[in-house]
Amino acid sequence: AVDKTTTDREAFHARLLEIGNQRYHDKHPFHVMLHGGRCTTTQVRAWVINRYYYQSRIPMKDAAFLSRCDDPQMRRAWRSRIEDHDGGIDEGGGIRRWLRLAEAVGLDPGYVASTGGVLPATRFAVDAYVGFVRERPLIEAVASSLTELFAPRIHSERITGLLEHYAFADDAALAYFRQRLTEAPRDVEFGLAFVLDHADTREKQDAAAAALTFKTDVLWAQLDALYSAYVVPGRIPPGAWDGREGVVREPTAKEAAE
Ligand code: PQQ
């Protein structure tokens with residue numbers, strides 16, 4: 001028999017939202033520093049370098065998803081994610097916009113795109129996400145993308161915070177985040193409906209909730225890695241970015257004073 005109280009769609013939806021409200025990485029101390037204008041130029045650069053690794057793996061993650069998907073309707077809905085990040089040959093997409101941010105903070109985009117110097121824990125966390133989507137049941141793979149429910153909030157907060165506090169920040173540098181404000185809600189509308197429709201047993205709801213929790217951990221761990229290496233003194237792991245590689249300009253006087 002179906003237990004009405006535990007399989008209720010709205011209660012399950014609320015359960016997913018609660019996971020994000022408690023665990024989303026907007027609350028991580030590194031983001032609080034970044035958005036509040038308390039990161040040094042080196043810390044902002046470290047974030048741009050490491051977060052690039054996440055960006056670079058998102059289309060690979062979505063390609064892994066598509067490769068497992070036997071429903072043309074679903075592939076059609078999902079493939080725009082790859083187009084968002086990779087874009088066309090001439091105009092590029094999200095990845096190219098991220099590299100514009102890299103240039104704005106004084107980094108060589110070629111260095112950033114090489115993913116050399118990425119922190120070990122960033123690599124492990126992001127690779128775990130790609131592996132999860134490649135291997136787990138489709139409903140869990142979709143559920144793991146639902147952190148995007150909370151992304152518009154953090155992107156708005158970031159646009160406001162960076163514009164207010166950092167000299168490098170302008171509309172061109174922050175184009176990545178502005179673009180996501182319209183892309184993420186469209187993605188998540190499909191993903192959320194899919195998960196709510198298909199999680200029709202307590203076991204599937206638990207599995208979907210666990211997948212979303214896993215994903216909040218993927219995001220949180222990346223910021224723990226940054227905090228440990230670039231906020232705590234003397235903790236840069238061997239082989240990780242040393243604060244100098246790939247830097248194409250010195251901080252401006254305004255940045256130095258920040
Ligand atoms: N998450 C996905 C995904 O899981 O498929 C794709 C994206 C995110 C993006 O393209 C993002 O820009 C993004 N940005 C943030 C952020 O800046 O905090 C978070 C997330 C997220 O919640 O996974 C994504």
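Predicted model: local features only at pLDDT ≥ 70, side-chain atom pairs only at ≥ 80, totals over all residues.
Colleague: How many residues surround the ligand, and which are the closest?
Modeller: There are 19 residues around the ligand, and Tyr-54, Lys-61, Tyr-129, Tyr-176 and Lys-215 are the closest.

Colleague: OK, which polar side-chain atom lies 2.7 Å from an oxygen atom of the ligand?
Modeller: That one belongs to His-25. Lys-61 has a side-chain N or O atom 2.6 Å from a ligand oxygen, and a polar side-chain atom of Tyr-176 lies 2.6 Å from a ligand oxygen too. For a polar contact, the pair of N or O atoms has to be within 3.5 Å.

Colleague: And how much of the ligand's accessible area does the protein cover?
Modeller: 99% of the 470 Å² that the ligand has on its own. Those areas come from the Shrake-Rupley method with a 1.4 Å probe.

Colleague: Which elements give two or more residues to the shell?
Modeller: Helices H4 (41-66), H5 (72-86), H10 (151-165), H11 (175-198) and H12 (202-231). H4 gives the largest share, four residues. A helix here is a DSSP run of H or I with at least four residues, numbered from the N terminus.

Colleague: Switching to Arg-45, buried or exposed?
Modeller: Arg-45, which lies in helix H4, is buried because its relative accessible area is 3%. Buried means under 20%, exposed over 50%, and partly exposed in between, with a 1.4 Å probe and protein chains only.

Colleague: What does the side chain of Arg-45 reach?
Modeller: The backbone oxygen of Val-105, at 2.7 Å. Leaving out residues up to four places away in sequence, Arg-45 touches several others, including Trp-241, Arg-249 and Glu-250. Contact means heavy atoms within 4.5 Å.

Colleague: Where is Thr-122?
Modeller: Thr-122 sits in helix H8, residues 120-135. It has 1% relative accessibility, so it counts as buried.

Colleague: What does Thr-122 touch, beyond residues up to four places away in sequence?
Modeller: Asn-50, Tyr-53, Gln-222 and Ala-225.

Colleague: And Pro-120?
Modeller: Pro-120 is in H8, and it counts as partly exposed because its relative accessibility is 35%. Pro-120 and Gln-222 are 102 residues apart in sequence, with their C-alpha atoms 9.6 Å apart in space.

Note on methods. Residues numbered from 1 in each chain as written. Heavy atoms only, no water. Near = heavy atom within 4 Å. Polar contact = N/O pair within 3.5 Å; in protein donor to acceptor, adjacent residues only side chain to side chain.
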